[in-house]
Amino acid sequence: MHLLITGATGFIGKHVLLDALADNRITKVTVVGRHPPSLDGNNMAHVKTAIINKLTIITREDLGNWDYEGDTELVTALADCKACIWCIGGKADDFATPQEFERVSYTFTVNAANFLCKVAQSQSTEGQTGRGAQPFRFCYCSAKRANRAGDEWFSFEAQTRNMKGRVETALLSIASESDGRVAAFIFRPGSVIAGATVKALGGLASTVASAGLRLMPSVIINAEWVARVLVDASVGIRVEWQRQGPDGEKNTWESEEIVSWSHGLGV
């Protein structure tokens with residue numbers, strides 16, 4: 001299966017890239033970003049062959065410009081792509097202006113989703129089986145307590161929560177109008193910390209951080225767990241089991257559900 005990853009230079013995105021390269025179910029990985037991800041370091045050593053055999057990097061200066069009619073290079077490169085893991089975003093405080101926050105968080109994401117919807121609609125599923133016969137999966141890494149109502153203004157990180165919720169709503173709308181060609185999956189991790197960071201703390205600090213990961217899965221979560229679930233959701237059958245909810249097909253997973261899913265994968 002061919003997977004698209006954005007935000008591969010970021011905190012969660014770099015873990016997603018590593019997992020995708022190591023996953024034998026994924027035969028092709030395309031990274032689109034402003035800058036190529038770092039492929040050095042000890043953590044990349046065991047996927048060196050995969051880097052050579054299945055990784056393509058496409059750089060674009062403006063990630064808000066996804067032109068299906070005009071960007072023939074990108075359309076051709078993603079013609080057989082079946083999933084995207086979207087890791088571009090961040091908190092409102094990370095950006096210089098509210099306008100830049102909206103452009104990166106909302107415009108980039110929605111424009112890309114509309115582009116990929118056209119890619120999915122151009123693909124033939126005739127004669128396909130397994131993952132190839134299923135809808136394109138847009139896996140969006142959102143945030144804890146994203147607010148789709150957009151009416152949270154006085155709580156901690158309200159602007160971020162409202163924006164994430166707005167993006168979620170737009171993605172679910174695009175999927176619902178795609179005639180079954182696109183499925184949007186939303187993942188809302190809590191505060192993310194790298195497992196290597198926990199180990200590096202040492203002593204009491206490491207013990208406390210590890211306890212937090214175990215006892216407060218709705219609040220704090222390991223980056224490697226998030227990455228593994230995002231990759232599995234893009235390619236695996238487990239997502240279909242996970243979608244069977246009391247209110248019909250599930251499309252959103254909270255932090256504690258991501259933890260449970262990752263443990264089911266043996267992480």
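This is a predicted model: local features need pLDDT of at least 70, side-chain atom pairs count only at pLDDT 80 or more; totals for chains, interfaces and linings use all residues.
A search of the whole structure finds nine aromatic pairs. One of them joins Tyr 68 and Phe 115 in an edge-to-face arrangement, with 5.8 Å centre to centre and 70° between the planes. Tyr 68 belongs to the loop between strand 3 (55-59) and helix 3 (72-77), whereas Phe 115 is part of helix 4 (residues 98-122); the two residues are 47 apart in sequence, so the pair ties together separate parts of the chain. Tyr 68 is partly exposed, its relative accessible area being 22%. Phe 115, with a relative accessible area of 1%, is buried.

An edge-to-face pair is also formed by Phe 185 and Trp 253, at 5.8 Å centre to centre and with 85° between the planes. This pair links distant parts of the chain, as Phe 185 lies in strand 6 (residues 182-188) and Trp 253 in strand 11 (residues 252-254), 68 residues apart. Phe 185 and Trp 253 are both buried.

Beyond individual pairs, ring pairs connect Trp 66, Tyr 68, Trp 86, Phe 115 and Phe 138 into a cluster. The cluster thus includes both Tyr 68 and Phe 115, the residues of the edge-to-face pair with 70° between the planes.

A charge over a ring involves Arg 166, which lies over the face of Tyr 106 at 4.0 Å from the ring centre.

Note on methods:
Residues are numbered from 1 along each chain as its sequence is written. Side-chain values use heavy atoms; hydrogens and water are left out. Rings of Phe, Tyr and Trp (its six-membered ring) pair if their centres lie within 6.5 Å; planes under 30 degrees apart count as stacked, over 60 as edge-to-face and the rest as tilted. Helices (H or I, at least four residues) and strands (E, at least two) are DSSP runs, numbered from the N terminus. Buried means under 20% relative accessible area, exposed over 50%, partly exposed in between (1.4 Å probe, protein chains only). A charge sits over a ring if NZ of Lys or CZ of Arg is within 6 Å of the ring centre and within 35 degrees of the ring normal.
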